[in-house]
Amino acid sequence: MTKTAERQPPAAAALPAPPGPAPAGGGRRRRVLLDQARAYAFLLGGLICFALFSWYPAIRAVVIAFQKYTPGSPPEWVGTANFTHVLDDPEFGAAWRNTLTFTLLALLLGFAVPFVLALVLNELRHAKAFFRVVVYLPVMIPPVVSALLWKWFYDPGAGLANETLRALHLPTSNWSNGTDTALISLVIVATWANLGGTVLIYLAALQSIPGELYEAAELDGANLLQRIRHVTIPQTRFVILMLMLLQIIATMQVFTEPFVITGGGPESATVTVLYLIYKYAFLYNDFGGACALSVMLLVLLGAFSAVYLRLTRTEGDA
């Protein structure tokens, strides 16, 4: 063997080629499709119920709004006659005026009172759980039962409200029986009944604020009101806005309180849009007019819902 042959390095061992990306196999694709089919199968029951009890009634109401519909007889297409009839009703303007006034008053009370209570609960050092339960108790009472309790409370004769005023030697009130006081009386009932959930949401938002922000504000000499203005409200502004929009959507559908407590009176002072829909459908037997009024309310609430969805999507993207 020559020296040249001796100095040649041994041949390098053949290395395996680096593994490339595995092609997507049919087995993996089948597993993904099977998982998706299983997920949709679990959702199918809920989707069917939602379609039957939510989507179908809404679509059916839009169709009936353009028909003369009487149970037991074939529907007759009348175009916009139902809308014209509803607009000419003297109670139409009163119903919308009462609903908007109720919504405005409910916002003033329903925005300020729960926020203040949440601030107080957030500052408590003892018995926090007890006071949370006390604040949330009205939510656990059925709405009709709550309205009946308040109806007795507002009774101008032997009601607890006037009895308390008499014991304090103060003038009594007609409460839900007076044209000037009936609507604000219902606002108080609705605010009390829905207070607990709003307070807990505000409380959760307050507890998510970093404590360092309050400490820095205190070092800068900020008092309690300044800390609320410059720290608390800016940190919870999104929650406040969302709850405000949801409250507008909920209060514009008020029905239980005027139905149970006042019956729309006195003198149509508490007739709301939803209560007027009830009167058209079940008292006047005019389902076309009821659906026409429902479509008007649907369009307005749909606009508020679109704003709510847009804001939540914007916040999520941020």
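N285 has a positive phi of about 55 degrees without being a glycine, and sits in the loop between α13 and α14 (287-317).

Quick background: this is a predicted model, where local features need pLDDT of at least 70, side-chain atom pairs count only at pLDDT 80 or more, and totals for chains, interfaces and linings use all residues. Residues are numbered from 1 along each chain as its sequence is written, and side-chain values use heavy atoms, with hydrogens and water left out.

W175 is another non-glycine with a positive phi, about 50 degrees, in the loop between α7 (160-167) and α8. Helices here are DSSP runs of H or I, at least four residues, numbered from the N terminus.

Now, the helix pair. How do α4 and α9 cross? The axes of α4 (residues 90-123) and α9 (residues 195-207) come within 8 Å, crossing at roughly 50 degrees. Those axes are lines fitted to C-alpha atoms over the stretch in contact, with angles from 0 to 180 degrees between N-to-C directions.

Over in α9, the buried residues include L195, V199 and L203, and the buried set packs against α4, α5 (128-140), α8 (182-193) and α11 (224-251).

Last one: the G265 to P266 peptide bond is cis, omega near -5 degrees.

Terms used:
Helices (H or I, at least four residues) and strands (E, at least two) are DSSP runs, numbered from the N terminus. Buried means under 20% relative accessible area, exposed over 50%, partly exposed in between (1.4 Å probe, protein chains only). Contact means heavy atoms within 4.5 Å.
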